[in-house]
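Here is a short briefing on a protein model. Look over the sequence and the coordinates, then read on.

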Protein chains: 2
Amino acid sequence: MRRFAAETAKDLVRSRSLQRQNRRRCLLSPLWPLLSSGSQSRFSSSASSPDSPPAMGSSPPVTLDTINPKVLKCEYAVRGEIVSIAQRLQQELKENPGSHPFDEILYCNIGNPQSLGQQPITFFREVLALCDHPSILDKSETQGLFSADAIERAWQILDQIPGRATGAYSHSQGIKGLRDTIAAGIEARDGFPADPNDIFLTDGASPAVHMMMQLLTRSESDGILCPIPQYPLYSASITLHGGTLVPYYLDEEAGWGLEISELQKQLDSAKSKGITVRALVVINPGNPTGQVLAEENQRQIVEFCKKEGLVLLADEVYQENIYVPDKQFHSFKKIARSMGYGDNDISLVSFQSVSKGYHGECGKRGGYMEVTGFSADVREQIYKVASVNLCSNITGQILASLVMNPPKVGDESYESYCEERDGILSSLARRAKTLENAFNSLEGITCNRAEGAMYLFPRVYLPQKAIKAAEAAKMAPDAFYCRRLLNATGIVVVAGSGFGQVPGTWHFRCTILPQEDKIPAVVSRLTEFHKGFMDEFRD
Amino acid sequence: MRRFAAETAKDLVRSRSLQRQNRRRCLLSPLWPLLSSGSQSRFSSSASSPDSPPAMGSSPPVTLDTINPKVLKCEYAVRGEIVSIAQRLQQELKENPGSHPFDEILYCNIGNPQSLGQQPITFFREVLALCDHPSILDKSETQGLFSADAIERAWQILDQIPGRATGAYSHSQGIKGLRDTIAAGIEARDGFPADPNDIFLTDGASPAVHMMMQLLTRSESDGILCPIPQYPLYSASITLHGGTLVPYYLDEEAGWGLEISELQKQLDSAKSKGITVRALVVINPGNPTGQVLAEENQRQIVEFCKKEGLVLLADEVYQENIYVPDKQFHSFKKIARSMGYGDNDISLVSFQSVSKGYHGECGKRGGYMEVTGFSADVREQIYKVASVNLCSNITGQILASLVMNPPKVGDESYESYCEERDGILSSLARRAKTLENAFNSLEGITCNRAEGAMYLFPRVYLPQKAIKAAEAAKMAPDAFYCRRLLNATGIVVVAGSGFGQVPGTWHFRCTILPQEDKIPAVVSRLTEFHKGFMDEFRD
């Protein structure tokens, strides 16, 4: 495995020149060189109308040769080609039922729970609706439609907004009262103080990640240590900002373990190539890998960042999604503070989102980052960049405050809230286990358990015959497998090459999100497909 | 005037080296070199907690010297230093009423109508609330609380969302059914076809502007023609993406007229310096300048872009805000199509936002861009970048569809909707006229009329004595004037230097948004202050 890692680091340094050769149509990833995954475009065909002309008549002002090459280079597989194909199949099924061997498309490509039927948390939606239309708050009918604590919470939130104006731009870090609530939620979670002035509310976690990459990246000589496999927002953001992704490999055989020796090795290797490593990205619980870090491991990571002067970028958006009794979520801030490290010792950014957790409110685009251990003048620069976009959406801001301060014992909604939350989380745990067992029962598949997050990332030991067939089809072997799976079953998963993997190994990411009554069908469709695939290609 | 423009273009080319000298604390703007506007930081002091440490104890990983210099260079005046001071004064007034010669802060720095008491459009908020909490839709109490057409519209919208899941990520361009509605709204407005596949829904217009700048900018050799004065989102975005702002000056004496000869001159001048000009930004109605382009002028602009192979980036977010009977809004797409130019002839992006118009829903962060005349493969790249952030917030998406398809004759809400809309727009027109007259009545101030948008941009002929006093205070003269105005009256306006102006001229931007019953007090406070200022500094 180490050998492969070293090779990949070399590829990384070569990526610039590779990219130049590859401007016309960037089907190759700079990080994990692949065969083209097919002749069709990698991104949604629905993005372009079929009737639109190929280019300007005389002198087209914009062509692939004249756009920003970083845009061309950037990749984001979870909304890539396989989703375009799935959308086409869905359209075909709608227009011509029975045209495929399945009757629906199951989108297991992305952590989007409500798209698969998960219901929102009632209390959260009650408060949002009341804040959207406050003039009903004191109408008598409202008492019959909304719970008393939702009405009270809406009043509280409105009182925190100057002029009760939910339609006004807020402070660029977010409404102060909501940041107070979130800071209190962090304190309650961690047992250490949190400062509302450290909170930056954002439209989901993605813009927060971009802001930090933008801040830290001066040129391709600046590197960011990222896990491999990783959530491709990180590789995309680093590419768009012109930096270098410095990979560190999670150890699949140790349950996607994160070893400090591997961090050190990759850091040293990057340094020897003239790369200044600025930050370490840790995704905990892991995406796409589903592991939950042990406390001791987290302490080592904090120590490593302190020693090496790295910013710790902690993706903690799955903090509520823990499915095994032997693991717990600990924020990196709690770990650092419990080691006695304060603002003077470590620069730490924690990302949180309303899209994940038990609530899965992806469409609301709420989230925040907690920025600690930066000097006042650097944080002022972060504030300035936030201010250019004015503020994040107020609905998302309100929701972020609700997520960090849900109903409490004694509130009218408390019991129903707990029931909804626990129902979702325990069902997710069962689904994770069922799918994990199903994968592990298949020939040539091994799958670590999903301790947390929303994904399984099984490894497929593809027969040589399948790899040859993929090559003939000009596709990466795992993309070939995923495409065949989609065409046979309607199940959409994302090939491991979209997240990065040890070269020569093949995986895919599958969410655990189909509703529980559909899981048996998913398992049987997966099983039947895989058996057929192996029968076709077994060496 | 032309002489100054040429000088400024030279400054622009020098900006890189200037910037290098200026890394420690970037108080100088690259575009319109200024004195420091004071010793205090330019950005909100509330962004940094007073107790936070200056930097890491041993080796701080991030300092102003090691962040992305583009971030350091970027400026965004409308949320800059003056707002920080205003926030401090507001806090002081709260803690110690009577501590200042005014009893409230009036934020005229930013187009944020609801923060100043404008009420949201009832129908829009009804629909949003129902979409946030659809489970009340078929309850009997709901009939008493919401209008029938809002209930019907909510059902229609929910039916356009797969699984009625307003909490799910949507297609990265936005929910298809909402894009259909918006395209139909554009068609109704323009009388020319619009394609829903050309629409990209975004969190307000700002992210859309960033996406286009990111796409078009490869290096500092790529230039974007921008009006001066301009809305500083453009300069900030160009700086963040590493491009060069190529200024063209609006003619203040011709009512902020846009002359093709000036465009040509600046384009040629930029070319001669080795800059490849990619696009032309036009803000119509103008921000900060409030002019509305004449149809014939728009035709010339389209012709110019076609001839020179420039992308036309049309900021049309104030399309509903027209206050004079002799001007009308025409979209650039309508103009281009009426000239017989189609997708093959011109690349055109139109930006729209729910933050402006009569509705002013800034906090909802809804908006879209209509992207026409790009080849399919380039648009695929735009889609890819959109997909990295998954989608814009669904509440903003829904609101964008409502703005482009408000209640129609016969709908239950139609009359009250018209009353609310017309009440706001006619009041804005009266406020614009009253403030314009007030400014023009003052010694040493001239002010073009606000034909549209939400701002006046009066020119202040500052006495030499005031300019000297500003220099002594290490401030730009217009910033000095604005600071004095704030301290004396509590009125927050933004100095012209934040938008760009012909060197040696001084302006400020003042919104027309204080509620109508406050306008007399604004006028008398402004008048009293200005008279006192002139008495103090008259040469």
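Of the 539 residues of chain A, 66% count as buried (under 20% relative accessible area; exposed is over 50%, partly exposed in between; 1.4 Å probe, protein chains only). Chain A has 18 helices and 14 strands (DSSP runs numbered from the N terminus: helices are H or I with at least four residues, strands are E with at least two). Among contacts in chain A with a separation of 6 or more, 74% join residues 24 or more positions apart (contact means heavy atoms within 4.5 Å).

This is a predicted model: local features need pLDDT of at least 70, side-chain atom pairs count only at pLDDT 80 or more, and totals for chains, interfaces and linings use all residues. Residues are numbered from 1 along each chain as its sequence is written, chains are lettered from A and ligands numbered from 1 in the order in which they are written, and side-chain values use heavy atoms, with hydrogens and water left out.

**Symmetry**

- A rotation of 180 degrees, with 0.0 Å of shift along its axis, superposes chain A on chain B at an RMSD of 0.0 Å (least squares on the C-alpha atoms of residues with pLDDT of at least 70 in both copies).
- The two copies are thus related as by a two-fold rotation axis.
- Ala129(A) is the residue of chain A that comes closest to the rotation axis, with its C-alpha at 2.1 Å.

**Interface**

- The contact takes 113 residues from chain A and 112 residues from chain B.
- The copies meet through the same surface, because 99% of the interface residues of chain A are also interface residues in chain B.
- Chain A and chain B bury about 9,500 Å² between them, 55% of it on carbon and sulfur atoms (the accessible area, 1.4 Å probe, that two parts lose on being put together, summed over both).
- In chain A, Arg79(A), Leu145(A) and Tyr169(A) lose the most area to chain B, together 8% of what that side buries.
- The rule finds two salt bridges across the interface (a side-chain nitrogen of Lys or Arg within 4 Å of a carboxyl oxygen of Asp or Glu).
- Asp132(B) bridges to Lys364(A), with the closest N and O atoms 2.5 Å apart.
- Several helices of chain A each supply at least two residues to the side that touches chain B, including H4 (122-132) and H14 (394-403).
- H13(A) gives the largest share of that side, eleven residues.
- The residues of that side divide into 45 nonpolar, 45 polar and 23 charged (nonpolar: Ala, Val, Leu, Ile, Met, Phe, Trp, Tyr, Cys and Pro; charged: Asp, Glu, Lys and Arg; polar: the others, Gly among them).

**Salt bridges within chain A**

- Over all chains, the count comes to 54 salt bridges.
- Asp198(A) pairs with Arg379(A), the closest N and O atoms being 2.2 Å apart.
- Asp198(A) lies in the loop between H7 and strand E2 (199-202) and Arg379(A) in helix H13, so the pair ties together parts 181 residues apart in sequence.
- Both Asp198(A) and Arg379(A) are buried.
- Lys176(A) pairs with Asp180(A) at 2.9 Å between the closest N and O atoms.
- Both lie in helix H7 (residues 176-190), four residues apart, about one turn of the helix.
- Lys176(A) is partly exposed at 40% relative accessible area, and Asp180(A) is partly exposed at 31%.
- Asp326(A), Lys327(A), Arg449(A) and Glu451(A) are linked in a network of salt bridges.

**A loop residue in chain B**

- Asp251(B) sits in the loop between strand E4 (244-249) and helix H10 (260-272) of chain B.
- Asp251(B) is buried, with a relative accessible area of 16%.
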